[in-house]
Amino acid sequence: MAVTVIPLSSMLTVKYQTGLTPEGTPVFKQKSLNNVSADATEQDAYDVAAAIFNLVQNPMSKVYLRKNYELANE
């Protein structure tokens, strides 16, 4: 039997640097954007994250895209 893949939702998470500790190591935080279109491409998701972080002073460190699917056995 073939499995049908049904895209449900995606979540974009960006890890960014907010400053340095007194010892000089970077301090990171992350921000997640829920309900990203399930059919958004990886490049589109990265481009959106880069565009948002070009507007703020904190440098972007990493970008994560989590996609959720339903797998139906048909």
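I began with helix H1 (residues 42-53), which lies across S1, S2 and S3 and runs at about 145° to S3. Contact here means heavy atoms within 4.5 Å. Axes are lines fitted to C-alpha atoms, for helices over the stretch in contact, with angles from 0 to 180 degrees between N-to-C directions. Helices (H or I, at least four residues) and strands (E, at least two) are DSSP runs, numbered from the N terminus.

I noted that the model is predicted: local features need pLDDT of at least 70, side-chain atom pairs count only at pLDDT 80 or more, and totals for chains, interfaces and linings use all residues. Residues are numbered from 1 along each chain as its sequence is written, and side-chain values use heavy atoms, without hydrogens and water.

Next I looked up the sheet. It is open, has 3 strands in the order S2-S1-S3, and its pairing is antiparallel (two strands pair if DSSP finds at least two bridges between them). S2 (26-36) and S3 (60-73) are at the edges with a single partner strand each, so one side of each has no neighbour in the sheet. From one strand to the next, the twist averages 20°. Between S1 (residues 3-20) and S2 I found 9 bridges, the two strands running antiparallel. Leu12 has Leu33 in S2 as its bridge partner.

Then I checked Ser10, which sits in strand S1. Ser10 counts as buried because its relative accessibility is 3% (buried is under 20% relative accessible area, exposed over 50%, partly exposed in between, with a 1.4 Å probe and protein chains only). Leaving out residues up to four places away in sequence, Ser10 touches, among others, Leu33, Val36, Leu65 and Lys67.
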